[in-house]
Structures are given as C-alpha cells and as structure tokens.
Amino acid sequence: MCFTSAMWRRVLLGSSYFDFMTSILVTGGAGYIGCHTVRELARSGYHPISLDNLSEGHREAVLEGDLATGDLSDEALLESIFQDQPVDAVMHFASRCYVRESMENPRLYYEQNVGNALVLLRVMLSHGVKKFILSSTCATYGNPERVPIDETHPQNPINSYGESKLFIERMLKHYDRAYGLRSVSLRYFNAAGASLDAQLGESHHPETHLIPRILKVAKGELEKLQIFGDDYPTHDGSCIRDYIHVLDLASAHIAAYRWLSEGQGSEVFNLGTGQGHSVKQVVTAAGQITEQEIPVEVSPGRAGDPPQLVANPRRANQLLGWWPKYSDLETMISTAWAWEQKRRY
Ligand code: UFG
C-alpha cells in the first residue's frame with residue numbers, strides 16, 4: 001500500500017504550523033503508553049507523528065499531531081512517512097507485550113517485535129535518522145539474582161516477550177557501532193494509571209493487567225479477581241511488581257530524546273520507582289480507593305512470571321534528571337479508576 005498525505009489525520013493544527021516543529025515518529029502512538037507520550041511530546045513543543053495499525057491501539061487515543069494508520073511491516077508506508085517530512089527521532093512503542101501470549105505463541109513475538117524493528121531501523125537509517133528510543137522491559141532480566149535490579153543486572157529472560165526485546169537491545173549496540181545509530185532503551189517496570197483529566201487510559205481487549213482487572217471487579221464487570229499464585233517467596237506469597245505511572249513513563253521519553261539531542265551516547269535506563277507492591281497489597285489499596293469490596297480467588301501462578309521485579313532507577317535519576325511524580329499507589333489507582341468510570345474507548 002502506498003501512503004499518501006491524504007491518509008494523514010491532523011488532529012489539532014494545520015500542517016503549516018508543524019513545519020517549524022521538530023517531528024518525532026511514534027510507532028504505537030495509539031497504544032496505552034504511546035498515546036500519553038504523544039500528548040506529552042506536543043505539550044513539550046514537538047510534533048508527534050503516530051504510526052499505528054490500530055490492532056491494539058485506539059484512534060480516539062491520539063489527541064495530538066498526525067496519525068498514520070498501517071502496519072510497521074509495511075516498508076512502503078514507512079518510506080513514505082520519512083519522505084513526507086523530516087523526522088528527527090523515532091520512539092518505538094509498537095509491539096506485542098503479553099507475557100502469557102508470548103509463552104503460548106512465541107512466533108508472534110519474534111516475527112512482530114524483532115522482525116518489525118529490523119524493518120523500521122533499516123528505513124530510518126536509510127533516511128539518515130539516527131536517534132531511536134526503544135520501549136524495552138524489565139522482562140529482559142528474567143528471575144532477578146538481586147533486588148532492586150540495576151541496569152548491570154544479568155539479562156536472562158524467562159519468556160519470549162522479554163527475549164524479543166533483548167534481541168532488539170542487542171541489535172542496537174551493533175547498529176550504534178556500525179551505523180552511528182544512537183539509542184536509549186527504556187526498561188519499563190509495570191506501567192499503570194491514566195491521564196489526570198481521565199481523557200486517556202488503559203484499554204486492552206481482553207484486559208489482562210492487574211490494576212484494570214481489579215477495577216473491573218470494583219465496577220461489577222468481573223465477578224472476582226484471580227490472584228495468580230500465593231506461594232511465591234515473597235512476604236505475602238503473591239508476586240511483587242514495581243508499578244510506574246504512565247505519565248512518568250511519558251516524561252522519561254522526552255528526557256531520553258533530549259539526552260540524545262544533546263549528543264550523548266547510547267544508554268539503557270530502568271524506569272521504575274524502586275518500591276515494590278504485592279498483588280495482595282494492590283488489591284487492598286484498590287478496595288480502599290474505590291470503596292468497593294474486591295472478591296478474590298487464588299489460582300495457580302502464570303508461566304513466565306518472576307516472583308519479584310523491582311527497579312533501581314538511580315541511573316535515570318542521575319543521568320536523565322528523571323524522577324517519578326505520579327507513581328504512588330494511590331495516584332496510579334485513583335487516576336485509573338477515574339478513567340475506568342468514564343472511559344472514551
Ligand atoms: N496478576 C494477577 N491477576 C490478574 C492479573 C495479574 O494476579 O488478573 C498478577 C500477575 O501474575 C503479576 C502481577 O499481577 O504478578 C502484574 O501482572 P500484569 O499482568 O499487570 O503485569 P505483568 O507483570 O505480567 O506484565 C507487565 C507488562 C509486561 C512486562 C512485564 C514484566 O505488561 O509488558 O510487566 O514482568 F513485560
């Protein structure tokens with residue numbers, strides 16, 4: 001399919017306005033973390049161009065900039081985006097990101113995550129674009145040997161999702177050396193929360209993530225929450241995760257882009273708070289915030305789920321000057337709850 005300007009959706013402003021702004025291509029810009037970042041980019045004075053095939057993303061979630069609909073594997077489409085206007089950097093969110101699915105159907109993860117990244121990198125380099133920000137994950141570490149996890153921790157993923165992201169991180173090292181591609185890999189811990197005005201939030205079909213599932217129970221859409229395993233070696237037997245507000249993830253992307261724009265070299269950063277919460281703690285907090293009872297049932301642990309994942313985020317604090325602002329449990333759950341009650345998509 002050939003991509004033409006007529007297929008672009010200019011969300012807010014006329015095209016002439018954008019001519020003076022730095023354009024950043026955001027793959028997966030209609031997805032959960034991508035759409036918050038798109039909004040943050042626009043608020044920071046950049047022109048986001050979202051590319052999304054809308055398989056998981058939502059057209060209504062792109063509130064700023066341009067939206068190009070199509071698949072990342074479509075090289076002609078990518079070519080036309082880079083030809084249409086100068087792109088200064090790429091933020092690459094689009095990927096499959098379910099641990100369980102990655103265990104059941106690894107082919108999707110190697111074909112789509114690794115395969116599409118190869119195409120994207122080839123096209124951007126052929127247009128001389130050399131700044132790349134990758135959505136990576138704490139799942140690249142596997143079962144932690146020590147907690148909190150810093151960036152030097154060995155990377156031994158235990159699921160195909162983490163493995164697929166690690167492949168890309170490794171490719172980036174070689175692309176830097178050989179082609180001068182400068183990249184920042186952001187290893188997210190557990191994204192949570194919604195925009196403060198409840199315009200954007202998490203919307204997956206089906207929803208597998210913990211906080212939105214708890215909130216569906218609070219709303220009466222689900223009968224009860226399954227707690228996946230309560231015999232892990234943690235203080236209450238349930239898994240511990242480091243939850244990070246999606247707005248804090250968005251601001252880290254802006255900081256990473258500025259890092260590369262200053263001419264700094266390729267880097268990897270953990271994005272978490274350094275504080276873990278167990279599944280049971282999250283359920284209790286959500287019960288208090290929503291003032292609803294959350295019935296639970298313990299079921300067996302999921303394949304590929306490490307007992308505890310908690311970040312040491314010091315490197316991002318020190319080098320990027322990035323600190324989470326919204327990642328206390330109360331703000332994450334209450335913003336997600338406000339979104340859940342008046343969701344637009
Ligand atoms: N959980 C439940 N019940 C549910 C849903 C989740 O007990 O109904 C548990 C999970 O077992 C896990 C925790 O809640 O211990 C968090 O689960 P999520 O599904 O919300 O998140 P994950 O930790 O599985 O996945 C997230 C990201 C992935 C990333 C991964 C790293 O979505 O992209 O963190 O572990 F790879």
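User: By class, how many nonpolar, polar and charged residues does the shell around the ligand have?

Analyst: This is a predicted model, in which local features need pLDDT of at least 70 and side-chain atom pairs count only at pLDDT 80 or more, while totals for chains, interfaces and linings use all residues. Residues are numbered from 1 along each chain as its sequence is written, and side-chain values use heavy atoms, with hydrogens and water left out. In total 21 residues surround the ligand, a residue being near if one of its heavy atoms lies within 4 Å of the molecule. With Ala, Val, Leu, Ile, Met, Phe, Trp, Tyr, Cys and Pro taken as nonpolar, Asp, Glu, Lys and Arg as charged, and the others, Gly among them, as polar, the shell has 12 nonpolar, 5 polar and 4 charged residues.

User: Which side chain has an N or O atom 2.9 Å from an oxygen atom of the ligand?

Analyst: A polar contact here is a pair of N or O atoms within 3.5 Å; within protein, one must be able to donate a hydrogen and the other to accept it, and residues adjacent in sequence count only if both atoms are side-chain atoms. Polar side-chain atoms lie 3.1 Å from a ligand oxygen in the case of Arg213 and 3.0 Å in the case of Arg241. The side chain with the 2.9 Å distance is that of Asn190.

User: Which element gives the most residues to the shell around the ligand?

Analyst: Elements are DSSP runs numbered from the N terminus, helices being H or I of at least four residues and strands E of at least two. Two or more shell residues come from helix 7 (210–219) and from strand 9 (225–228). The most, 4 residues, come from strand 9.

User: At roughly what angle do the axes of helix 3 and helix 5 cross?

Analyst: Axes are lines fitted to C-alpha atoms, for helices over the stretch in contact, and angles run from 0 to 180 degrees between N-to-C directions. The axes of helix 3 (residues 75–84) and helix 5 (residues 106–126) come within 10 Å, and they cross at roughly 35 degrees.
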